[in-house]
Every structure is written in C-alpha cells, then in structure tokens.
Amino acid sequence: MEQLAEPRGTRWALGLEYDGNGFCGWQRQLDQDSVQGVVEAALSQVAQCPISVVVAGRTDTGVHALCQVVHFDSPVVRRPDAWVRGANTALPAGVALRWARVVPDSFHARFSATARRYRYVILNRREKSALWRNHTAWIYSPLDVEAMQAAAQTLLGTHDFSAFRASACQAKSPVRNLCQLRVVRRGDLIAVDAEANGFLHHMVRNLVGVLIAIGKADRPVDWAAEVLASRDRCRAGVTAPPGGLYFVAPRYPAEFGLPVDAVDAGFLTGD
C-alpha cells in the first residue's frame, strides 16, 4: 500500500450504504455480525493498523442506510480512492463505501450533524412480494394516505416524544424537533419521510406504527396527537418492522463540504 509523506492523525469522513439484513445492527456486538465491525475491519486492513469509527446515527437490526456517515482519525496517509476501493474490496456484499473526504479535527460525525433523515417504505397491496420482502413493510390492508398525512402534521414541531421512544432508549432527553413527517404514495409503495434534529430509539418505527393504525382506520386522525400528549409509550401501539426503514443521511453545516444533501431516496418509491 502506497505511503505518502503527509502529517499523521488526519481526520476522515466516509459515506457508506448498507443493507441491514444479516447484521445485528450498526453497533459492534460480541459474537455477532455488525456493520460497524465489518467497516472497522476493512478500514484497518487498508490502514494496516487498528481503525475505530464514530457514526452519525446508530441503526437497529435489519435497518438499511443510503448515506451513513462516520469519521475516524488515521495515523497513516491514504488517498481518498485508496480508502474507498481498498475497503470495498474487503467489505461484504451488503456494505459499500461511497466517498471519503478529509475533514477538520472539529468535525464529529454525530455531534456536528444538525439533522437526520429517514424514509420508511411500505408495500401496500394484497399480494406478498418476492423482491421487496426484506426491504419494505408489507401491509395488505388498504391504507388511507390522506388520513396518515393529516395525522403526521399534528406531530410536527418540538415536543416530548416519550410516547414514541423504546423502553431501552438511553437518550437523556425525550425532546426532539420533528421538522418533517410526510406520507406519499407511488403505486403500491408508500413512503414516510421523517427529519428531525435527532431521533429517539425506535422513534421513527413507532411514529410509523401509529400512522399505519390510522391509515387502516383502526384509529381516528386525532389519535396521533393524543398519543403524543400522553407521553406514554403504552398508548402508541405496535412498532413498525425494521425492514422498511432506511437511514437516508445526516445533515451538516456547509463548511464541511460533505455530499450528504445529494442523496436521492426517490428510487424507493419513485418520488
């Protein structure tokens, strides 16, 4: 591997995509395959020394990512294409690096992010799918997208989202600013787009679970606001399955020059 005569300790940001199937989630776990584990192993192989990464947002088992971002400090110097091509050679088929950028030491993949974006994809038809089975949530009952969208608008803003957090959530505060929650249909596919300054554990999947119940007419539109006001997780109902959830990308200040806003999630629904 080519060595360049440059200072040690360069901070890098990487963009990667992954299929969450077959992994225990992002975070490294003992005796389980994790996305973090395979990424660090691949980068360590390129660097020929141990590399540890910090992620923008951890994802659960079965959750996918279009542009996850990590940062790490490298004690050796490599060109951007060496990180990308070298790591991709070592990574399993379900994980791929998209880009590598040198960033200032002040950049932090998690704490520098100003927002995070998710898309949840629902396959809404009577028949099951061979192609979408691991990448959508299959709901065979007809869903009223207009009712779901109306309910989604009642959840926007800065609120205590305790009713939408998992019992195992370790966040110090349940308050989040949900600036987008949009429901659109394209044929048999329904996309739920969510953007906030941060998300609680299972928050997106719990939001979608409430919207699905409303879309099926099991609950009225105003039930979403009632659940939010209750701050009671027991009121929110079923957590939507992980296979339909995609971490689209974080957002960062323009000063870092990272290509995260160019991520196109439209292929998931045609939107």
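Modeller: A residue is called buried under 20% relative accessible area, exposed over 50%, and partly exposed in between, using a 1.4 Å probe and protein chains only. This is a predicted model, where local features need pLDDT of at least 70 and side-chain atom pairs count only at pLDDT 80 or more, while totals for chains, interfaces and linings use all residues. Residues are numbered from 1 along each chain as its sequence is written, and side-chain values use heavy atoms, with hydrogens and water left out.

Biologist: What is a salt bridge?

Modeller: A side-chain nitrogen of Lys or Arg within 4 Å of a carboxyl oxygen of Asp or Glu. By this rule the count is ten.

Biologist: With which residue does arginine 119 form a salt bridge?

Modeller: With aspartate 193; the closest N and O atoms are 2.6 Å apart. Arginine 119 is in strand β5 (residues 115-123) and aspartate 193 in strand β9 (residues 189-196), so the pair ties together parts 74 residues apart in sequence. Strands are DSSP runs of E, at least two residues long, numbered from the N terminus.

Biologist: Are arginine 119 and aspartate 193 buried or exposed?

Modeller: Both are buried.

Biologist: Which residue meets glutamate 195 in a salt bridge?

Modeller: Arginine 251, with the closest N and O atoms 2.7 Å apart. Glutamate 195 lies in strand β9 and arginine 251 in strand β10 (residues 245-251), 56 residues apart. Glutamate 195 is buried at 11% relative accessibility, whereas arginine 251 is partly exposed at 25%.

Biologist: Where does aspartate 261 lie?

Modeller: In the segment after β10, ten residues from arginine 251. Their side chains form a salt bridge of 2.9 Å, N to O. Aspartate 261 is partly exposed, at 49%. Through shared partners, salt bridges join Arg117, Glu195, Arg251 and Asp261 into one network.

Conventions:
Helices (H or I, at least four residues) and strands (E, at least two) are DSSP runs, numbered from the N terminus.
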